[in-house]
Amino acid sequence: MSSLCSVAVLLSCLVLLFLAKESLSHPLCNDLTAPLTLKQPLSFCQFNGSVCCNSHEDLKLQKQFKAVNVSGSCSSHLKSLLCSKCDPFAAELFRAELESRQVPVLCNSTVSSHKSTQSLADIDFCTRFWSECQNLSVTNTPFASQSGDGGNSTIYEIWKSRNDFCKTFGGSSDESSVCFNGQAVSFNISKATSPSPSGICLEKLANGSFLNMEPHPDGSNRVFLSDQAGMIYLATVPSQGSREVLTIDETNLFLDLTEEVHFDAELGLLGIAFHPDFLRNGRFFVSFNCDRVKWPECSGKCACNSDVDCDPSKLDSDDGATPCQYHSVISEFFTNDIIDMFSGTYVKPVEVRRILTMGLPFASHHGGQILFGPKDGYLYFMMGDGGSKGDPHNFAQNKRSLLGKIMRLDVNNVPDAKAMSQFQLWGNYTIPKDNPFTQDKNMLPEIWAMGVRNPWRCSFDSERPSYFICADVGEDKYEEVDMITKGGNYGWHYYEGPLPFNLSTSSKTSKNSTKITNPIFPVMWYKHSDVNQKEGSASITGGYFYRSSTDPCLYGTYLFADLYAGVIWGGAETPLGSGNFTSSRIPLRCTSDSPISCSSDTDSSSSSSSSPPLGFIFSFGQDNNKDIYLLASSGLYRIVRPSRCNFHCSLENGTSLVPSRQPDRSPPSPSSSQRLHNSYPEVHRESREQYISKT
């Protein structure tokens with residue numbers, strides 16, 4: 001009987017633990033931009049701190065309120081409703097990602113929420129508003145747009161009953177949304193989290209060095225692997241626990257681009273991405289570097305040009321290359337036999353068009369990763385600042401430069417001559433209408449976010465796609481992890497990590513170095529000098545939020561590494577949904593029954609109780625089961641059950657229970673003035689440029 005009680009208690013704890021994993025709302029404005037941080041509170045709406053209105057917008061709301069000429073108890077309800085646009089959670093209240101609304105979702109039911117939203121449980125604000133304001137004329141109110149008669153009637157005359165009114169404007173607050181209860185959104189959040197992982201257990205599945213891994217869009221156990229030299233392979237991944245190796249048919253390449261790709265140091269094939277509708281249209285995309293001296297088709301506009309006050313003839317050669325000798329290219333390919341794809345036999349893909357071609361001023365800091373947004377279907381392109389110490393031309397902050405930016409492109413529509421001329425496009429793509437700077441003539445419309453140095457591996461959380469995380473390689477002192485938001489500026493070259501960057505260390509400072517306001521600081525970082533005083537540097541490699549059932553104690557942890565350290569860190573968000581992360585190093589072991597031995601020929605001391613000699617961690621990969629892989633210079637490794645390495649995880653059992661799925665919410669908005677606590681992990685450092693040239 002006592003053992004049964006213990007089991008019951010354990011299961012109850014697990015249930016509570018899983019419920020604690022539910023995602024919470026995040027500050028985000030109705031236009032999906034980050035809230036402002038005001039020095040003075042608003043005078044009419046009386047918000048303080050983080051808000052979605054400036055003083056001018058606050059004044060407009062005050063004038064709108066006065067124009068309605070309302071009195072009595074309805075007056076306070078209408079004012080609070082108008083001011084909901086200034087709430088830092090306005091995107092949630094107005095369901096901004098799903099629809100276009102002028103009225104927030106009004107709470108109209110008694111709810112039981114995992115979020116413990118303040119005062120929601122007993123509030124039916126929709127009924128209260130109807131009761132007090134049903135005789136209100138909709139003229140000059142947010143209800144006018146849905147009145148259907150030009151806004152000349154009262155609320156009662158249009159909707160007739162409380163049921164009809166609340167059917168139109170009402171909603172509830174549950175695990176995936178929040179409603180308006182007449183007050184500013186507030187949360188009482190607990191800090192309950194899952195057990196911390198005691199370690200990560202690895203098995204080695206393949207030798208060889210790869211830079212990219214993408215799961216096959218058909219949902220099978222196949223993946224695409226590419227190396228930096230320009231070859232793309234199709235591989236079959238063995239099931240967890242099978243003790244089998246990963247199978248790659250190197251004699252039957254999926255695609256060989258070694259003739260087009262220039263591979264040297266930071267140059268090569270840097271990214272692959274499959275169209276969301278790949279199984280029907282056969283479209284996929286490759287990001288690589290080329291050398292115009294060796295390949296005549298390597299030709300594009302130089303990123304150092306008069307638009308950004310840069311003259312390539314005045315730039316010094318870099319590693320023997322002239323300015324804009326090397327280019328970044330995104331090419332679209334088509335595999336012309338979709339039926340054969342399902343049998344595993346591929347007809348060699350053919351290039352369809354160049355999406356983007358851009359000449360590079362220097363030979364480093366090109367990012368190069370490409371990703372399709374899981375919710376919007378647009379192509380995201382991560383581009384570094386173009387190289388040279390300290391970004392001397394301040395490309396990352398230059399509004400007319402694509403260097404030091406994250407771009408968002410529509411590759412489903414081919415631009416016409418008018419669009420090419422109007423937007424001065426760099427290739428065959430169009431601009432998504434909701435890109436943040438489409439109406440700003442001083443900004444290039446491709447830009448989604450700016451102020452990054454060299455984003456090296458970004459990812460969308462597979463369970464919360466609005467969590468878009470990028471690791472950004474630092475220069476002198478810090479490596480950082482950023483939460484990417486629409487229109488965000490991440491500070492480089494004025495800031496490195498959480499602190500100002502010493503521009504005096506740069507050999508040249510551009511006259512375009514205009515100070516910025518409200519930079520977004522990283523959610524995690526580590527300091528070079530705290531790690532290796534002699535070398536004084538490091539190079540971050542971004543990863544994924546762990547969402548596999550294989551290791552339940554890792555679930556929801558953001559994994560990242562350092563290129564040279566051969567170690568992994570886990571970032572934990574506490575409280576969940578807050579955007580506040582702390583990171584810590586997670587011990588590594590390789591299971592003794594790994595399909596391929598993790599010990600190197602020269603390292604006889606390696607054992608299941610010590611860290612495996614990974615070499616250099618280039619990247620992470622993920623398969624269709626959400627299992628995570630390390631792509632290292634010594635081979636390809638997969639995270640397996642912790643018990644295989646004698647690590648303890650209280651959640652691990654025969655069925656590998658994991659916490660319940662976290663609903664997607666709006667991304668958190670790190671404050672421009674916030675310095676988030678972060679533990680400093682131990683790493684070794686060497687510049688990325690120094691390593692890749694060695695391989």
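1. Crossing of α3 and α5. In this predicted model, helix α3 passes helix α5 in a left-handed crossing. Helix α3 covers residues 73-83 and helix α5 covers residues 125-133. Two packed helices are described by the angle between their axes and the distance between the axes. For α3 and α5 the angle is about 130°, and the axes are 9 Å apart. That angle makes α3 oblique to α5.

2. Residues in that contact. Which residues of α3 meet α5? On the α3 side they are Ser73, Cys74, His77, Leu78, Ser80 and Leu81. Their partners in α5 are Phe125, Arg128, Phe129, Glu132 and Cys133. Sorted by class, the residues of this contact are 6 nonpolar, 3 polar and 2 charged.

3. Crossing of α2 and α3. Helix α3 also packs with α2, at an angle of about 150° and with the axes 10 Å apart. This makes α2 roughly antiparallel to α3, since an angle over 145 degrees counts as roughly antiparallel. The crossing of α2 past α3 is right-handed. From α2, the residues Leu61, Gln64, Phe65 and Val68 take part, and they meet Ser75, Leu78, Lys79, Leu82 and Cys83 of α3. This contact of α2 with α3 has 6 nonpolar, 2 polar and 1 charged residues. Leu78 is listed in the contact with α5 and again in the contact with α2.

4. Burial of α3. How many of the residues of α3 are buried? The count is 8 of 11, so the helix is mostly covered. The buried residues are Cys74, Ser75, His77, Leu78, Ser80, Leu81, Leu82 and Cys83. They pack against α2 (55-68), β3 and α5.

5. Helix α7 spans residues 162-169, and its residues Phe165, Cys166 and Phe169 are buried. These three cover an arc of only 90° around the axis, which puts them on the same side of α7. An α-helix has 3.6 residues a turn, so residues three or four places apart point the same way. Asn163 and Lys167, on the other side of α7, are exposed. What do the buried residues of α7 pack against? They pack against β3 (106-107), α5, α6 (155-159) and β4 (170-171).

6. Pro361, a buried loop residue. Pro361 sits in the loop between β15 (350-359) and β16 (370-372). Is Pro361 buried or exposed? Pro361 has a relative accessible area of 2%, so it is buried, the limit for this being under 20%. Leaving out residues up to four places away in sequence, Pro361 touches Ala303, Cys304, Leu315, Pro323, Cys324, Gly386, Phe395 and Leu403. The C-alpha atom of Pro361 is separated by 9.3 Å from that of Asp316, although the two residues are 45 residues apart along the chain.

7. Two cis peptide bonds. Most residues other than glycine have a negative phi, and most peptide bonds are trans. The bond from Trp492 to His493 is cis, with omega near 10°. His493 belongs to the loop between β22 (478-483) and β23 (495-496). Another cis bond joins Thr574 and Pro575, where omega is about -5°. Pro575 is in the loop between β28 (568-573) and β29 (581-586).

8. Two positive phi values. Lys626 is not a glycine, yet its phi is positive, at about 70°. This residue lies in the loop between β31 (617-622) and β32 (628-632). With a relative accessible area of 29%, Lys626 is partly exposed. Asn646 also has a positive phi, near 65°, in a residue other than glycine. The loop that holds Asn646 runs between β33 (635-640) and α11 (688-692). Asn646 is exposed, with a relative accessible area of 68%.

9. The protein as a whole. The secondary structure comes to 11 helices and 33 strands. Of the 695 residues, 57% count as buried. Among contacts with a separation of 6 or more, 66% are between residues 24 or more positions apart.

Technical notes:
Residues numbered from 1 in each chain as written. Predicted model: local features only at pLDDT ≥ 70, side-chain atom pairs only at ≥ 80, totals over all residues. Heavy atoms only, no water. Axes fitted to C-alpha atoms, helices over the stretch in contact; angles between N-to-C directions. Helix = DSSP H or I, 4+ residues; strand = E, 2+ residues; numbered from the N terminus. Parallel < 35°, antiparallel > 145°, perpendicular 65-115°, else oblique. Left-handed = near helix turned anticlockwise from the far one by under 90°. Contact = heavy atoms within 4.5 Å. Nonpolar A, V, L, I, M, F, W, Y, C, P; charged D, E, K, R; others polar. Buried < 20%, exposed > 50% of the residue type's maximum accessible area, 1.4 Å probe, protein only. Arc of directions from axis to C-beta.
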